[in-house]
Amino acid sequence: MNKRTRHIIAMGFTMFAAWFGAGNLIFPPFLGNMTGNSWLVGFLGFFIMDVGLALLSALMAITNRRGNVSGVVEKAGRIPGIVMVSLIMICIGPGLAIPRTAAVTYEIGVVPLIGTMNTWIFGAIFFAIVLALTIRPAKIVDIVGNFLTPILLVVMVIIIIVGIVNPIGSMAPPVEDVVPLKEGLLQGYQTMDGLGGFIPTFALVVAAASYGYKDKKETTKLLTQASIVGAIILGLVYGGLTLLGATTSGTAEYAGLEQAPMLIKITETLLGKVGLTLLSITVLMACLTTAIALTGAGADHFTKLFKGKVKQEYIVIVIVLISYVVSNYGLSNIISISAPILTVLYPPMIVLVVMTLFDNMLKNKHVAGFGAYAALIYSFLEVFVLSKETVAMVPFGTLGLGWVVPALVGCAIGFFVKDPHWDDPVPEQE
């Protein structure tokens, strides 16, 4: 294996580790259980909204003509673009993702090992560690992160292989009223990988430079190949976990289980107490390092947004306090609260990312901008205003893709609005 190939694989695993949040492990098995013998269709939707969008947003951040993610979101306008990125950082930060790491840690990493405890006390301990290691980063964060992701991956691979060789049970038809593709799309929203898919690319640019790659074209190619490697690994792991969930669909004792209990029961069934203990420990530590990384990323974003007028340490404290409070709503409640928010946010982001593919052809940011606004308006109406019967009448509405036609109409309108500032330079992202 030559040096370049080793670098691609190493950086690919870095991308995988960044996308593979331990808190996201709970969604594929649950999806498989809900979709049963149609799990592959459900996983297709999940793959598109999780792995596919994360990869596409990463590639756009790497290769789009403006050289940074601002070139993607600012097609909706400079201020709306800043607002959108900030909303994304809130979602993958104190609003949803960071609290979920604590909630997942409690349900998978603590309860199976030592039993229940007061969640406010647990949260105080968890976030005190997050606060200490974010404000004063220690080597332990890198060590734990570098070692635990491979260990967690190995545990997942073992569970998947054992589950394929010795299936838990037979696959039943999808749960009543569950549309497999739509369920896959919705579960894919929940991971939030698609929203933050571009974030790890900035770290990869630094890594590529440390490897000695200076040429921009060569670096772009290297990062693109590494991102694809990371996406392939992520897809295989999530696909295997979805299949495991599907093998439980015909077993009565798994019926009605929520996301975290589902993963716990599958692990205990396949690997016993030893496997469950190993899963609990690695998830506990991996969620902790994920929370630290997300807290740092959020603090960095808002420090730059406020142009350094607010100290980063203060922003870290605010993020940690908000995350602490939200985490005590419990995992199920956090997931139920996040579902409508992500259902509104995802479609405009998808439009902006996908339309970046056509930059050189269209040379008009209004195409993507108008399309994104149309998707946003429809998604908001679907979640908060329209009835199920009305949504079902919209093209692709029953699949959770009712926003597609409004977005296309918006893009068509935007095509006829001139964009005199297309070639104006955009400052490089710091």
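Thr134 touches Ile292, Thr295, Gly296 and Val316, leaving aside residues up to four places away in sequence; contact means heavy atoms within 4.5 Å. The model is predicted: local features need pLDDT of at least 70, side-chain atom pairs count only at pLDDT 80 or more, and totals for chains, interfaces and linings use all residues. Residues are numbered from 1 along each chain as its sequence is written, and side-chain values use heavy atoms, with hydrogens and water left out.

Thr134 lies in helix H7. Helices (H or I, at least four residues) are DSSP runs, numbered from the N terminus. Thr134 counts as buried because its relative accessibility is 13%; buried means under 20% relative accessible area, exposed over 50%, and partly exposed in between (1.4 Å probe, protein chains only). The side chain of Thr134 reaches the backbone oxygen of Val130 at 2.6 Å.

Twelve aromatic pairs occur in the structure. Rings of Phe, Tyr and Trp (its six-membered ring) pair if their centres lie within 6.5 Å; planes under 30 degrees apart count as stacked, over 60 as edge-to-face and the rest as tilted. Trp120 and Tyr324 pair edge-to-face, at 5.4 Å centre to centre and 90° between the planes. This pair links distant parts of the chain, 204 residues apart: Trp120 is in helix H7 (residues 119-135) and Tyr324 in helix H13 (residues 312-327). Trp120 is partly exposed, at 41% relative accessibility. One aromatic cluster is formed by Tyr106, Trp120, Phe122, Phe126, Phe127 and Tyr324.

The structure holds zero disulfides; a disulfide is a pair of cysteine sulfur atoms within 2.5 Å. Cys287 is buried, at 1% relative accessibility. Cys411 is buried too, with a relative accessible area of 10%.

Note on methods
Helices (H or I, at least four residues) and strands (E, at least two) are DSSP runs, numbered from the N terminus. A polar contact is a pair of N or O atoms within 3.5 Å; within protein, one must be able to donate a hydrogen and the other to accept it, and residues adjacent in sequence count only if both atoms are side-chain atoms.
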